[in-house]
Amino acid sequence: MSVAASLVLVDDDAAFRQVLAGELQRLGFEVVTAGGGTEALEKIAERRPDVVLLDLRLPDMDGLEVLKAIGAANPGCEVIMLTGHGSLDTAIESIRAGAFDYVAKPCPLDELEIRIQ
């Protein structure tokens, strides 16, 4: 039996974060959430997750700053950027900064599950 992937879900929208975390847990993933960049970096350092789902817009730090900090501290951690305010430029910048993928919200759960796996 395979071990479920561990995730850190980072989004400033508490309702979205709670619903998505619940759905991902239902699919068998181990999920920890954070509402901002500073909290996310602390939880990532503690848990060393397999995947981070990272919102581009956060209240305390820019998502790209958080992405670069994750890459510097945890080079093996895959980051999937999530945003409701995306553009081609931010997608390209995210991938260049080390993101594994870039997903526009709302993203169908089955599509997100495939990207995580």
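Helices (H or I, at least four residues) and strands (E, at least two) are DSSP runs, numbered from the N terminus. The model is predicted, so local features need pLDDT of at least 70 and side-chain atom pairs count only at pLDDT 80 or more, while totals for chains, interfaces and linings use all residues. Residues are numbered from 1 along each chain as its sequence is written, and side-chain values use heavy atoms, with hydrogens and water left out.

Backbone geometry is considered first. Most residues other than glycine have a negative phi, and most peptide bonds are trans. The bond from K105 to P106 is cis, with omega near -10 degrees. P106 sits in the loop between strand 5 (101-104) and helix 5 (109-116). K105 also lies over the face of F16, at 4.6 Å from the ring centre. A charge sits over a ring if NZ of Lys or CZ of Arg is within 6 Å of the ring centre and within 35 degrees of the ring normal. Aromatic pairing was searched across the whole structure, and 0 aromatic pairs were found. Rings of Phe, Tyr and Trp (its six-membered ring) pair if their centres lie within 6.5 Å; planes under 30 degrees apart count as stacked, over 60 as edge-to-face and the rest as tilted.

R48 has a positive phi of about 50 degrees, although R48 is not a glycine. R48 belongs to the loop between helix 2 (37-47) and strand 3 (51-55). Its relative accessible area is 52%, so R48 is exposed. Buried means under 20% relative accessible area, exposed over 50%, and partly exposed in between (1.4 Å probe, protein chains only). R48 is also among the contacts of S6, a residue of strand 1 (residues 6-10). S6 counts as buried, at 14% relative accessibility. Leaving aside neighbours within four places in sequence, S6 is in contact with E30, R48, P49, D50 and V51. Contact means heavy atoms within 4.5 Å.

Helix 4 (residues 88-96) has T90, A91 and S94 as its buried residues. Seen down the helix 4 axis, these residues fall within an arc of 105 degrees, so they line one face of the helix. The arc is that of the directions from the helix axis to the C-beta atoms. On the other side of helix 4, L88, D89 and R96 are exposed. The cover over the buried residues includes helix 3 (63-73), strand 4 (78-83) and strand 5. Just after helix 4, G98 takes a positive phi of about 115 degrees.

T90 has a relative accessible area of 19%. Apart from neighbours within four places in sequence, T90 is in contact with L56 and Y102. The C-alpha atoms of T90 and L56 are separated by 8.7 Å, and the two residues are 34 residues apart along the chain. T83, in strand 4, is buried at a relative accessible area of 1%. Not counting residues up to four places away in sequence, T83 touches D55, L56, Y102, V103, A104 and K105.

Helix packing was examined for helix 1 (residues 14-26) and helix 5. Their axes come within 11 Å and cross at roughly 65 degrees. Axes are lines fitted to C-alpha atoms, for helices over the stretch in contact, and angles run from 0 to 180 degrees between N-to-C directions. The crossing is right-handed. A crossing is left-handed if the near helix is turned anticlockwise from the far one by less than a right angle, and right-handed if clockwise. L20, E23, L24 and R26 in helix 1 meet L109, L112 and I116 in helix 5.
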